[in-house]
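Dear colleague,

Please find below the structure that I am handing over to you. My notes on what was found in it follow directly after.

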Amino acid sequence: MALFASAAVADSVTERGERFERTVEKDGQRYALLGSGVFRYMIWTAYAGAYYQLEGETEPQPLSDVPRRLELAYFHAIEAGDFAEATEETLRDSLTLYEFNQIQEPLERLNQRYRDVVPGDRYLLSWDGEQLRLELNGETLFEDDSAEFASAMFSIWLGERPLGEGFRDALLGQN
């Protein structure tokens with residue numbers, strides 16, 4: 001029994017009690033975990049996250065066309081409006097005005113689809129090479145086929161000016 005338990009632990013990582021599988025299969029594609037970490041905002045430990053790329057793509061490519069996934073497990077309740085406001089503000093700050101204008105329409109649609117979260121809820125942002133999806137606890141809330149919008153969304157956590165550099169580096173397996 002102990003051997004089975006240690007094998008299960010080897011197949012996943014845990015961040016502040018939140019478990020993330022080392023490999024995930026979805027729609028015939030296998031994704032490998034590159035890194036995981038915990039995002040802290042001011043004095044709060046906000047959420048744990050894990051970043052995956054298509055199996056075999058071991059070099060981090062969070063802003064490319066490589067299929068990828070970002071899973072976030074929340075430790076505190078957050079209102080949908082706060083997600084929308086933070087998403088828009090972060091993208092405005094990190095993109096040029098031209099780039100922001102190019103993604104404004106899908107951003108407005110996405111911001112209408114956010115839902116409130118409570119501790120234990122998980123948002124998943126994924127790009128399968130053709131479709132960007134936002135899911136909450138396994139339910140698809142939003143889909144879009146723009147690779148540019150997908151890269152913009154992933155840049156919030158994994159870009160040059162992310163919400164947190166330490167969190168980005170942990171997700172990319174660089175610390």
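In these notes, a residue is called buried when its relative accessible area is under 20%, exposed when it is over 50%, and partly exposed in between, using a 1.4 Å probe and protein chains only. By this scale Asp144, at 8% relative accessibility, counts as buried.

Please note that this is a predicted model, in which local features need pLDDT of at least 70 and side-chain atom pairs count only at pLDDT 80 or more, while totals for chains, interfaces and linings use all residues. Residues are numbered from 1 along each chain as its sequence is written, and side-chain values use heavy atoms, with hydrogens and water left out.

The sheet

Helices (H or I, at least four residues) and strands (E, at least two) are DSSP runs, numbered from the N terminus. Two strands are taken to pair if DSSP finds at least two bridges between them. On that basis, seven strands make up an open sheet with antiparallel pairing, in the order β3-β4-β5-β6-β7-β8-β9. The edges are held by β3 (23-26) and β9 (139-144); each has a single partner strand, so one side of each is left without a neighbour in the sheet. On average, neighbouring strands of this sheet are turned by 25 degrees against each other, direction ignored. For such angles, axes are lines fitted to C-alpha atoms, for helices over the stretch in contact, and the angles run from 0 to 180 degrees between N-to-C directions.

Helix α3 (residues 97-113) packs on the sheet and touches β8 (132-136) and β9; contact here means heavy atoms within 4.5 Å. The direction of α3 makes about 170 degrees with that of β9.

Strand β6 and its partners

Strand β6 (residues 68-74) is joined to the antiparallel strand β7 (residues 122-127) by six bridges. Within this pairing, Leu72 stands opposite Tyr123, and Leu70 stands opposite Leu125. Strand β6 also pairs with β5 (residues 44-54), again in the antiparallel sense, over seven bridges. There, Gln53 is found opposite Arg68 in β6.

In a regular strand the side chains alternate between the two faces of the sheet. In β6 both faces are covered, with Arg68, Leu70, Leu72 and Tyr74 buried on one side and Arg69, Glu71 and Ala73 buried on the other. Seven of the seven residues of β6 are buried, so this strand is largely enclosed by the rest of the structure.

Salt bridges

A salt bridge is counted when a side-chain nitrogen of Lys or Arg lies within 4 Å of a carboxyl oxygen of Asp or Glu. Twelve of them are found in a search of the whole structure.

In helix α3, Arg109 and Glu105 lie four residues apart, about one turn of the helix, and their side chains meet in a salt bridge of 2.7 Å, N to O. Arg109 is partly exposed at 26% relative accessibility, and Glu105 is partly exposed at 47%. Arg109 also forms a salt bridge with Asp144, with the closest N and O atoms 2.4 Å apart. Since Asp144 lies in strand β9 and Arg109 in helix α3, this pair ties together parts that are 35 residues apart in sequence.

Elsewhere, Glu18, Glu71 and Arg122 are linked in a network of salt bridges. Glu21 and Arg19 form a further salt bridge, their closest N and O atoms being 3.1 Å apart.

Helices α2 and α4

Helix α2 (residues 80-94) packs against helix α4 (residues 147-158) at an angle of about 95 degrees, and their axes are 10 Å apart. That makes α2 roughly perpendicular to α4, a term used for angles of 65 to 115 degrees; those under 35 count as roughly parallel, those over 145 as roughly antiparallel and the rest as oblique. Thr87, Thr90, Leu91 and Ser94 in α2 meet Ala152, Met153, Ser155 and Ile156 in α4. By class, this contact has four nonpolar, four polar and no charged residues. Nonpolar covers Ala, Val, Leu, Ile, Met, Phe, Trp, Tyr, Cys and Pro; charged covers Asp, Glu, Lys and Arg; the others, Gly among them, count as polar.

With kind regards
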